Amino acid sequence: MSAWVQLKGLDFNYGSVCALRGIDLRIAPGERVALIGANGCGKSTLLRVLDGILRPSAGSIVRDVRMRQALVFQRPFALRASVLFNVALAPWLRGLRWRAAREQAREALGRVGLEALALRNARALSGGQLQRVAFARAWALRPDVLLLDEPTASLDPHAKREVEALMADFASSGMTLVFASHNLGQVKRLATRVVYLEQGRVLADLPVQTFFNGPLGQTSREAELFVKGELG
Amino acid sequence: MKLTRRILCAFALAAAAGGAWAQSTMVMASTTSTEQSGLFNHLLPEFAKATGITVKVVAVGTGQAIDMARRGDADVLFVHDRAAEEKYVAEGFAPRRYPVMYNDFVLVGPKNDPARVRGKDIVQGLKKVAAANAPFISRGDKSGTDAAEKRFWKQAGLDNRGSGYKECGCGMGPALNIGASSNAYVLTDRGTWLSFKNRGELAILVEGDKRLFNQYGVMVVSPQKFPHVKAAEAQKFIDWVTSPAGQQAIASYKVNGEQLFFPNAGTAN
Amino acid sequence: MNTFQESLARALQLVAQGDAALFEIVARSLSVSGVACIGACIFGLALGGWLGVARFPARGAVVTVLNTFLAIPSVVVGLVVYLLLSRSGPFGFLGWLFSFKAMVAAQVLLVLPVCTALTRQVVEDAERANGEQLQSLGAGGVLRSLLLAFDQRYALVTVLLACFGRAISEVGAVMIVGGNIEGFTRVMTTAIALETSKGDLPLALALGLILLTVVLGLNAGIALIARWRGAHAEGLALAGASA
């Protein structure tokens, strides 16, 4: 099966701080990869490198250019304008004419169930609604891969459920998911594969069942402790 | 909205200004004391009626006025510092100097006159100011008035002008303001004093001394040096102001019934 | 206290009389500063927006120098422009000295650094907070600065008001390059300076009060329009009207 993206020996430095070290990773279409690890382990940096807004300091990243990706952030940003404008912005920035972009935006809002809010001021939305708008914005691009940086971390339980449902919905229609999360329950529910990062290195990369139920072995001692700590 | 309003406003004024530009104009560099006396408001409309030329007066200190003319930024120079004017002609910046009118300086000070300067002798008066260490405000700005004041001190032979001597580096009005609020002595021209409103406790204490004579001269800025100068209009102004009509206009200017300036064109001043 | 009461009375009297000279001076002040602000802010917003987003090696030095120009005295700007526009200067051939154009030019130079520096700060803060997300959507540098400037438009309105305030309140530049010529280049601030130097303090203060009242009126008008616009937009959205 051809890969969406392949990373080889990838490093990323923020100035003198090393955020990613020697990452070797291959992600195939249709996978649902969860990135887990303590704060500062490099999950967010890795997502940004995968999205393309950060370029590696060393090593290589090769993407299938026929596949498109979109990144959803933990705290989505919306301009002081209508929800429709914010969502239409995404396809417009990728080259669509404004009228067509607006149409795609309307469709996207329908997909996430927020058509009624199209003309509302985006700044007036609740956290959960805004995150769903962000999903709509990402979906308006018809991405093949959806990257998510702790998408439910700032949400209340009800909103969390709604957003997770969206993630599951998108995944079930064939979208590849790569998401960072602190919520191990969420990881169990949504992921097919778990990548555990510590201090910029991949210490474990296993199918989800194996990761949570099977023996993790010596190299994943840290992963085991992490999982135990988080689950405790 | 703000943008639209601003644009409309700008266009309105630009249109008005555009209309004004159609008439003949010229720039006259003169001194603040002359303008503030109100003379030009009386004189220039008459000149405009006679010739159709609008004179734009830029009133600054004499030093600045001469500097302006030196750069060719004015067409006519109308100041009251004979030495500086003659130097200007000698350096070729003006073909010649025409005396036009005179007035006088007066020494004002607190009504109760602590330094006992009251009288008709300016040099004696200054000596007494220095001796009493009385507060004295000097303009210190290379103006005609300032040049005259420095002349009088020199004539008094005094380097030490007393501990109350202060230079403000300012125009006549501000100097009088400072003098009024600190009850100080100030040398001023009569014209400015008569129209000055913030007198406080000040009054005229020394006047009538022949040395207090203040001569005004007018010059065309040399078209040789500055080809763009409106020499024809400038010469028209000089011709008019030294003519009987212009001289009469000067004489007829009065403040509170008192004549401020005395025409003396054609004399050897 | 006497002077203040007298000034207030004088101000009311001047306005009630509909003094033509006063109206001319007020209109001139507004148009000189208004035109200067429009001119300066078109460049300032663009330049400041770009600086807020751009990253290049000497950027820190450029920003420091730019911020220094925030403190340039208006009289220095006036002097520089005077020397440039003087007949003996490089732009003397324009013949702009002692005219409306010269005053606008001087105020443009005065206001441009203010607009640029403040816009830069506003856009840079917005870029730091949210630039990444816009970048992720595919917005390049120029587009980001435009989008962020649009997002921060209320803060930028305050920047514009600050620029207008700087322009309409300054006296140094406009005095030197304009010459305070009655009927041609006299504006509110130079008129106030003149009356002060003539010793007519109540009149000077009265003119100051009138100037402040005019600017107050302008600001109030802007605030009301903004509120009306905001309420109108909300109403449309709630009514669910289609765009």
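What percentage of the 269 residues in chain B is made up of buried residues? In this predicted model, in which local features need pLDDT of at least 70, side-chain atom pairs count only at pLDDT 80 or more, and totals for chains, interfaces and linings use all residues, the buried share of chain B comes to 46%, where a residue is buried if 20 or more other C-beta atoms, placed from the backbone, lie within 10 Å of its own, exposed if 12 or fewer, and partly exposed in between. Residues are numbered from 1 along each chain as its sequence is written, while chains are lettered from A and ligands numbered from 1 in the order in which they are written.

**Chain B as a whole**

- Chain B has 11 helices and 12 strands, helices (H or I, at least four residues) and strands (E, at least two) being DSSP runs numbered from the N terminus.
- The radius of gyration of chain B is 20 Å, close to the 18 Å that the globule rule gives for 269 residues, so chain B is as compact as a globular protein of that length; the radius is taken over C-alpha atoms, and the rule is 2.2 Å times the number of residues to the power 0.38.
- Taken along the principal axes, the box filled by the C-alpha atoms of chain B is roughly 60 × 55 × 35 Å.
- Of the contacts in chain B between residues at least 6 apart in sequence, 77% join residues at least 24 apart, a contact being a pair of residues whose C-beta atoms, placed from the backbone, lie within 7 Å.

**Domains of chain B**

- Chain B is divided into domain 1 (22–102 + 215–263) and domain 2 (103–212), with bounds that come from an automatic or database domain assignment, and the C-alpha centres of these two domains lie 26 Å apart.
- Between the two domains of chain B, 20 residues of domain 1 are in contact with 16 residues of domain 2.
- On the side of domain 1 that touches domain 2, the elements giving two or more residues are α2 (32–36) and α4 (62–70) of chain B, and α2(B) gives the most, with 3 residues.
- By class, that side of domain 1 has 7 nonpolar, 11 polar and 2 charged residues, where Ala, Val, Leu, Ile, Met, Phe, Trp, Tyr, Cys and Pro count as nonpolar, Asp, Glu, Lys and Arg as charged, and the others, Gly among them, as polar.

**The sheet of chain A**

- An open sheet of mixed pairing is formed in chain A by 6 strands in the order β5-β6-β7-β3-β8-β9, two strands being paired if DSSP finds at least two bridges between them.
- Because β5 (69–72) and β9 (201–207) of chain A stand at the edges, each with a single partner strand, one side of each is left without a neighbour in the sheet.
- Strand β8 (residues 193–198) of chain A is joined to β9(A) by 6 bridges, and the two run antiparallel, whereas β3 (residues 32–36) of chain A is joined to β8(A) by 4 bridges and the two run parallel.
- A:Y196 has A:A204 as its bridge partner in β9(A) and also stands opposite A:I36, while A:V195 stands opposite A:D205 in β9(A).
- In β8(A), 5 of the 6 residues are buried, so the strand is largely enclosed by the rest of the structure.
- The hairpin of β8(A) and β9(A) has 2 residues between the strands, and in this hairpin A:Q199 takes a positive phi near 50°.

**Chain A against chain C**

- In chain A, 14 residues are in contact with 15 residues of chain C, and helix α2 (residues 83–93) of chain A gives the most to the side of chain A that touches chain C, with 3 residues.
- By class, this side of chain A has 9 nonpolar, 1 polar and 4 charged residues.
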